[in-house]
Amino acid sequence: MLQQTGYKKNRQNHWTLDFLGIKESGLFPLLITFFFIAGAGAILYLTEGNFKIILAIFSLLAVVGLTLYRIDYSFFLFFGMVLFFDQYLVPGFRPFTYYVDFFRNFKEISYLPSHPAGVINPVEVYLFLLFGAWMLVLAVQKKAELQRILIWPSFLFFLSCLIFGFLNGIRSGGDLVIAIWEFRALLYLSVMYLIVPQIIQTREQIRILLWICIVAIFFKACQGIYRFANTGLSTSGIQTFTNHEDPVFMSVLFIFLASMILLKYRDQQRKLMLVLLIPFLLGFYLSFRRAAFAGLFVSLATLFFLIGAEERKRYLKLAVPAAIFLLAYSTVFWNNKSTLAQPVQMIKSGLVETSKVENPEDYYSNLYRDYENYNLAATVKRKPLTGVGFGNKYDLPLDLDTFVMSFPLRNYIAHNQILWWFAKTGAIGFLSFWLFFNAFVSKGASVYAQTDDPYLKAVCAMIVVAVINQMVVSYFDLQLTYYRNMIFLGTLMGLMPTIERLGKQDAQSVYESIQ
C-alpha cells in the first residue's frame, strides 16, 4: 500500500514535469537558472540597473567554482589576469585593461558601492580564496602533503622584517592605508613564494604557466605597438607606450629564449618566441624605461656566468657580433636626437651627466632621484637600526616640491626602492632583504647545475636572472611596491622547489635504469 502511494506521488510529480515540458534530470539546472535570474533581477533593482555589479558577482561565483574544482586552473587564471590587467594608467592612454579595476581597493572601484573600510582589493580576495582552497585540500585529502620551500630560514627572517616594518610604522603613528600600500606588494611576493610550490607540482603545469607568460606579455607588447601606430609613429610628448612593469617581464622572456637557444632545446615555446621576437623587442623599446635597459644588460651578463662552459662558448659566438653591432650603433647615434637614437640616449643619460639645456626632462628626472636618495640617506642616519616603518614619510631635508614631476605617495615611496627598503626597515631589514634574495640566487644556481632536463634548466636560469633583473630595476625605479612585479617574481621564485624536485626525480630514474 505504501509502495503504491509512493508510486502515485511519483507519477503525479512526473505528470507536472511532463506538463511543463521538463525532464526530471533537468529540474536541478532549471532551479539553478531560476536562482541566478532572480538574483540578477534583485541586484538590478537594488542597484538601479548596474550591470557591472552583476558581472562582478557572477565572476566571483565562477572563480569560486573553478577554484574548488581545480585549484591549479584557478591559479593559472589569476596569474594571467595579473599580467593582462594594469595597475596604473599609461599617461595619455585609456586602456580597457586598466578600468577592470583588478588592483584597486574596493572602496575605489567606481561600479561598486563605496565604503571607507574597503581597503582590500580583488587581488587579495583571490589570493585568500586560493589559500583557503589549498588549506581545504590539505584537510580533506589524506595523501596531500605540504611541499617544502627553499631557504626557509632566510625567507622567514625577511617576512618577519616585512611584518615588523608594518607594525613599527603603525605603532609610531603611520597612516594605516598608506602602510598597506607600501607593504602589500612584498607581502604578495611572500604569499606566492609559499603557495606556488603547493599548486604547481608538475612539468606540464610549469609549461602552462610559461605559455600564459608568453601570450599575456605579447599582448602587452602589442598594446604598446598599437598606441605607437595610433600616434602616427611619433614619440613626441610621449613618456611611455607601455606600463613600467611590462619591459621587465619582456626581459625575463628574452632570458628564457636565450637559455633555450644556448641549451639547444627546441619546442613550440621557443619557436613561437622566435617568431614574436620583433614585436617583443619593439614593445620593449617603446617602454622608454632606462631602468629596464640597465636590467636587461645586467641580466645578459648574469646569464653568461650562470651557464656551463659549453653554453658559454655558444653565448660568445652570438654575443660578440651583437656587441660589435651595438658599439657601432652607439657610436653613430651617441649625439643624435632622432627617434632611432632614443635607446642610445636613454643609456647615455644613465651613464653621463645629462645636459640641462639639451635634455631637460632627463636632467630633472636624475636630479629628482638624487634629492630622493639624499633624503633616504638622512632617514637611515636618523633611524639606522629599525627604520621609520611603513606608513610614515621618509625625512625631507631637501624639498621635493620644487620639482614639477610628482606621483602618488611620493613623500612615502621613493624611486630607489633598495634605499627605500633600508629607510623603512632599518639595518636589520636591509640585512634580511639581501640575505633572502642572495641565498635564493645561490640556491637557484645550484639547482641549475644539478638539473639535467634542458627545459627545466632554461626555466631555472630564467628565474635566477629574473631576481637579479628585479634588483637592478628596483634600484632605479618604483618596482618593489608594484603589485604585478611582485606577484610575477614571487610566482617564478615559487617554481624553484618544483624544479629541484623534478630534477632529482629525473636523476633518480636515470640511476635506477643504470642499476
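Start with Lys264, which touches Arg270 and Arg314, leaving aside residues up to four places away in sequence; contact means heavy atoms within 4.5 Å. This is a predicted model, where local features need pLDDT of at least 70, side-chain atom pairs count only at pLDDT 80 or more, and totals for chains, interfaces and linings use all residues. Residues are numbered from 1 along each chain as its sequence is written, and side-chain values use heavy atoms, with hydrogens and water left out.

Lys264 sits in the loop between H10 and H11; helices are DSSP runs of H or I, at least four residues, numbered from the N terminus. Lys264 is exposed, at a relative accessible area of 54%. Exposed means over 50%, buried under 20%, partly exposed in between, with a 1.4 Å probe and protein chains only. Its C-alpha atom is 9.7 Å from that of Tyr455, 191 residues apart along the chain.

Now H11, residues 268–275: Gln269, Arg270 and Met273 are buried there. Down the axis of H11, those buried residues fall within an arc of 100 degrees, so they line one face of the helix; the arc is taken from the directions from the helix axis to the C-beta atoms. They pack against H9, H10, H12 and H18.

Last, a pocket lining. For the second largest pocket, the lining has 32 nonpolar, 2 polar and no charged residues. Nonpolar covers Ala, Val, Leu, Ile, Met, Phe, Trp, Tyr, Cys and Pro; charged covers Asp, Glu, Lys and Arg; the others, Gly among them, are polar.

Key: Helices (H or I, at least four residues) and strands (E, at least two) are DSSP runs, numbered from the N terminus.
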